[in-house]
Amino acid sequence: MPKPLLPNRPDESGEEWQGPVSFTNVPGAPIENRRELLVKLCWMTLWMLYLVYPAKDLTGGHHSLVVTVAGWVALVVFLGAYLSLIIFRSRYQNWRWGGYPLPAVMLAIAMATSAGLGESWLTLFTYASVCVGAVLPPRLALGGVAAVTVVAAAAGLLIDASRDTMWGILLPCFLGGAAMTGLQRLVSTMRELREARATVAHLAAAEERLRLARDLHDLLGHSLSLITIKSELAGRLMDQDKQEAARAQVADIENVARQSLTDVREAVGGYRRPTLPVELAAARTALTAAQVVLVADASVADGHPGLGNEEAGALAWALREAVTNVVRHGEGATVCRVSIDETWEGEGERYAVLEVADNGRGAGKSGPGNGLSGLGERLALVGGRLETGSGLRGKGFCLRALVPLRAVPVVAADSVNE
């Protein structure tokens, strides 16, 4: 079943989507609401400028009243089929087979009006060619465009159109349709890339689950085996009335159990701690949905030397909160840049710096919300701090999270040679 257009896009809290207003549509991005569909229709209607030639022919008094009325009806039906094709392809995902009748109607109108009303109507073949290139499968699209161009040439020869008119119609007819076939391939590639990014985020989460399973198996397998052996030994010692020895084994069992509990809590804490690669993949998905381009340094996903687990987790929380801030409050933002670097402060203290900046309208005079306040507290727990301000050239909003870097041990040259 095709997926219909939704009236709005709710977020996880159930509130209506309040993303940044955009007057552009990303190629291949699904239309999420009626506003985006209206914007797309406005852009596509600009190409209706070339219909001025048949409209001028109808208003020039060259035809009788009946022919003029029939011409206006044909022109309105042609325009309705063109806009309907745009709406249906935007409203339903993977909608292809249902679009064949509309280009066929447009092609039939172009043939009939060209034969009956003259060479001014040959321009309709260009629109029909573009729609054929958009609807047909990629392997057939270019052939369909060439076929429409041949039909346009035949119609021009049939009505004895001038050579200049023929070249002025046939060249845009073929090139416009061919360009649309290339655009459809680009749209398909971008759709596959979005799906691949979502798959990467899913695989990253699955990898975390597998890591937890491995850690728990390694931790509990050894500990439970040791508890079983010591329990059996304590039971045999009690049967032999060796109470002191049995009590010592029970004490060892208690220590092993407590240590196992500590190890499990640390493993679960590491599982719950976000990581930069996972948060970067999630950020890319969220920003793409909000029509914001993510530009991230490769070092963000690769990590930074000397960055401990707690510090890396704090930076991952900072990335999550910064991206949430861009999606919810970054009005007018179209680009979000993420980078990681290091700086030296005070008495040679090294800090890793995660910077997230957008090109929106900025925070204005509003103070930090609960999310940024909580993030500052989280960074303070690992000895870091949070800095906020304007972005590049005073535009947008910039968030900088700083955490201390652990000392990297330096290996002596002679020990390396050994």
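Reader: Of the residues of the protein, how many count as buried, and what does that word mean?

Author: Of the 418 residues of the protein, 35% count as buried, where buried means under 20% relative accessible area, exposed means over 50%, and partly exposed lies in between, with a 1.4 Å probe and protein chains only. This is a predicted model, in which local features need pLDDT of at least 70 and side-chain atom pairs count only at pLDDT 80 or more, while totals for chains, interfaces and linings use all residues. Residues are numbered from 1 along each chain as its sequence is written, and side-chain values use heavy atoms, with hydrogens and water left out.

Reader: How many helices and strands are there in the protein?

Author: Helices (H or I, at least four residues) and strands (E, at least two) are DSSP runs numbered from the N terminus, and by that reading the protein has 13 helices and 5 strands.

Reader: Which residues does Glu311 touch, and is Glu311 buried or exposed?

Author: A contact means heavy atoms within 4.5 Å. Glu311, which lies in helix H11 (residues 309-329), touches Val382, Val403, Pro404 and Arg406 when residues up to four places away in sequence are not counted. Glu311 has a relative accessible area of 9%, and therefore it is buried. For the protein as a whole, residues 24 or more positions apart account for 69% of the contacts with a separation of 6 or more.

Reader: Which residues form the nonpolar patch on the surface?

Author: Patches are made of residues with over 30% relative accessible area and no salt bridge, with like charges joined within 9 Å and nonpolar side chains (Val, Leu, Ile, Met, Phe, Trp, Tyr) within 5 Å; a salt bridge is a side-chain nitrogen of Lys or Arg within 4 Å of a carboxyl oxygen of Asp or Glu. Here Trp47, Leu49, Tyr50, Val52 and Tyr53 form such a nonpolar patch, with about 590 Å² of accessible area together. Among them, Leu49 lies in the loop between helix H1 (34-45) and helix H2 (52-59), and Leu49 is exposed, with a relative accessible area of 61%.

Reader: Where is Asp160, and what is its phi?

Author: Asp160 has a positive phi of about 60° although it is not a glycine, and its place is in the loop between helix H6 (138-158) and helix H7 (163-239). At 66% relative accessibility, Asp160 counts as exposed. Asp241 likewise has a positive phi of about 60° without being a glycine; Asp241 is found in the loop between H7 and helix H8 (243-272) and is exposed, at 63% relative accessible area.

Notes:
Accessible areas come from the Shrake-Rupley method with a 1.4 Å probe; for residues, only the protein chains shown count as cover.
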